[in-house]
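Hi,

Here is the structure I promised to pass on to you. Please have it open while you read the notes below.

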Amino acid sequence: MTRRRRRAILPVASSNGIKWFPYSWQLAVATMHRHVSTRRLLDLSRHEDFKTLTEHTGQSPFRASALLLAVALLVLGNGLQATVVGIRGGMEGMAEETIGLIMSAYFVGFVAGSLYIPGLIQKVGHIRTFAALASIASAAALGLVIFVGPVSWLSLRIVTGACVAGMVIVTESWLNAGTTRDQRGRVLATYGVVFYAAWAGSQALLNMASADGFLLFALVSILFSLALVPITLTRAGVPGVVEADRANLKQLYAISPLGLVGAFVLGVSVGAFWGMGPTFGQQIGFSDTQISVFLMLALVGALILQWPLGWTSDRIDRRLIIVGSCCVAAACSAAMAVAWDESKGLLFALAMLLGAFAMPVYSLCVAHVNDQIETGEVVAAASGLILVYGLGSVAGPFCASLLMGQVGPSGLFVFLAGAFGLFSLYGLWRLWLSEALGQGKKDSYVSVPQTSHAVLPLHKHSPEQTYGRRAPR
């Protein structure tokens, strides 16, 4: 008679107290050892075999909806604040160059936060870091309306940028950790739609009150604070890796000069448009409602044309789509620089076209770089491109503001036309120098948000495993 093997039981902490589940006798003995503390017990629950335990209980440890809700609230507040600061700065009589410097300061903070806050998350955990950063960002939003002035705004925007970068890394790494390989495409697509929809929706909030009052700044503070709720109450599983593995920029340039330069130019251009777009609208006499519609249409255009451009780039030389899109963006910018005082309807239509052809180019550049590298290098390469994009975003608003100070509101689109036009010429030169990649060697297009490195493992061409030490919850 075969002796039946006895199965031990393992205690695991849950919201309803301690539950006991069948498990291997070795792990059960380890957890019951007299020298094993409660903290060690919780660490063991994060063991590699914890997946087996969750499968036994029939409960998934991951709930994406809470994380996506946190992202939506965060983007709503951040998008509204960027527009309100630009408009309020004009009302306070600040010069274009001053507003441009304040807008660039946000991206300085964002880049710094992307580099240094992962270390903080690694030390204190996801939830504590998110709670601290959300509280600081909420206080900074109120500080903008209490301490009105260039120096204080410059400092507070740097702080806000760093906090937003950290909160984005927390949510994206957690989102990545709870996503299996077969779910990556859907989760990344859903994340992108939520991100852009919330960004567009933030512009509609501008119509709730005038930017010269307290209400809109308070609303930003409320949204940052509410983003805490789904994060602190989420039952999502073990958070993910937050430390970045970035490719060397010299190596990236050697692999794909067009992709690296394109990421920088897109950072410069998109940063300039979103940083100085509200000031442009204010200077040409737009109402707050018209400014919000103007900016919202650019995002709607990006959502509409993102996938058609990507689909087309999978079937022909991807560089042709990159260069062609930038040519159209340059033409739209030039038309807006010339006809900015002709018709508001024409400006709205051109803004939608500009967003439709300009904003997807970053994802096209990432896809072009991915065509040249191995699967295991995708995350490191894309992390490098995000850093380059961020550095471009630092330069964009201030450079555009200098030109606006010299030639007036049309200077913004003169700057954009020049940036897109020069990059188009560079792209044509690269097309002449090198041959197109064979169709069988190309990876399929994936839309990638320009947020942080933590979302990149969701890319369907990234490796099976994210390497690195997981940060504590």
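Below is what turned up, going from the whole chain to single residues.

Please keep in mind that this is a predicted model. The protein chain has 18 helices and two strands. Of its 473 residues, 55% count as buried. Looking at contacts in the protein chain with a separation of 6 or more, 83% are between residues 24 or more positions apart. The accessible surface of the chain is about 20,500 Å², and carbon and sulfur atoms account for 62% of that area.

You will find glutamine 203 in helix H8, which covers residues 184–204. Is glutamine 203 buried or exposed? It counts as buried, because its relative accessibility is 1% and the cut-off for buried is under 20%. Leaving aside residues up to four places away in sequence, glutamine 203 touches Gly79, Thr83, Ser292, Leu295 and Met296. With threonine 83 there is also a polar contact, side chain to side chain, at 2.7 Å. Another polar contact, of 3.1 Å, links the side chain of glutamine 203 to that of serine 202. Valine 84 is 119 residues away from glutamine 203 along the chain, yet their C-alpha atoms are separated by 9.4 Å.

How many disulfides does a search of the whole structure find? The search comes back with zero. Cysteine 326, for instance, is in no disulfide, and the nearest cysteine sulfur, in cysteine 365, is 7.0 Å away. Cysteine 326 counts as buried, with a relative accessibility of 0%. What about cysteine 327? The closest cysteine sulfur to its own is that of cysteine 326, at 7.3 Å, which is too far for a bond because a disulfide needs the two sulfur atoms within 2.5 Å. Cysteine 327 is partly exposed, its relative accessible area being 35%.

On the surface there is a nonpolar patch made of Ile222, Leu226, Val229 and Leu233, which together have about 370 Å² of accessible area. Which helices supply the patch? Helix H9 (215–226) and helix H10 (228–233) each give at least two of its residues. Isoleucine 222 sits in helix H9. With a relative accessible area of 46%, isoleucine 222 is partly exposed.

Finally, the charged side chains. The structure has two salt bridges. One of them pairs glutamate 92 with arginine 88, and the closest N and O atoms are 2.9 Å apart. Glutamate 92 is partly exposed at 41% relative accessibility, whereas arginine 88 counts as buried at 8%. A salt bridge also joins the side chains of arginine 319 and aspartate 317, with an N to O distance of 2.9 Å. Here arginine 319 and aspartate 317 are both buried.

Best wishes

Key. Residues numbered from 1 in each chain as written. Predicted model: local features only at pLDDT ≥ 70, side-chain atom pairs only at ≥ 80, totals over all residues. Heavy atoms only, no water. Helix = DSSP H or I, 4+ residues; strand = E, 2+ residues; numbered from the N terminus. Buried < 20%, exposed > 50% of the residue type's maximum accessible area, 1.4 Å probe, protein only. Contact = heavy atoms within 4.5 Å. Polar contact = N/O pair within 3.5 Å; in protein donor to acceptor, adjacent residues only side chain to side chain. Areas by Shrake-Rupley, 256 points an atom, 1.4 Å probe, with all protein chains shown as cover. Patch = residues over 30% accessible without salt bridge, like charges linked within 9 Å, V, L, I, M, F, W, Y side chains within 5 Å. Salt bridge = Lys/Arg side-chain N within 4 Å of Asp/Glu carboxyl O.
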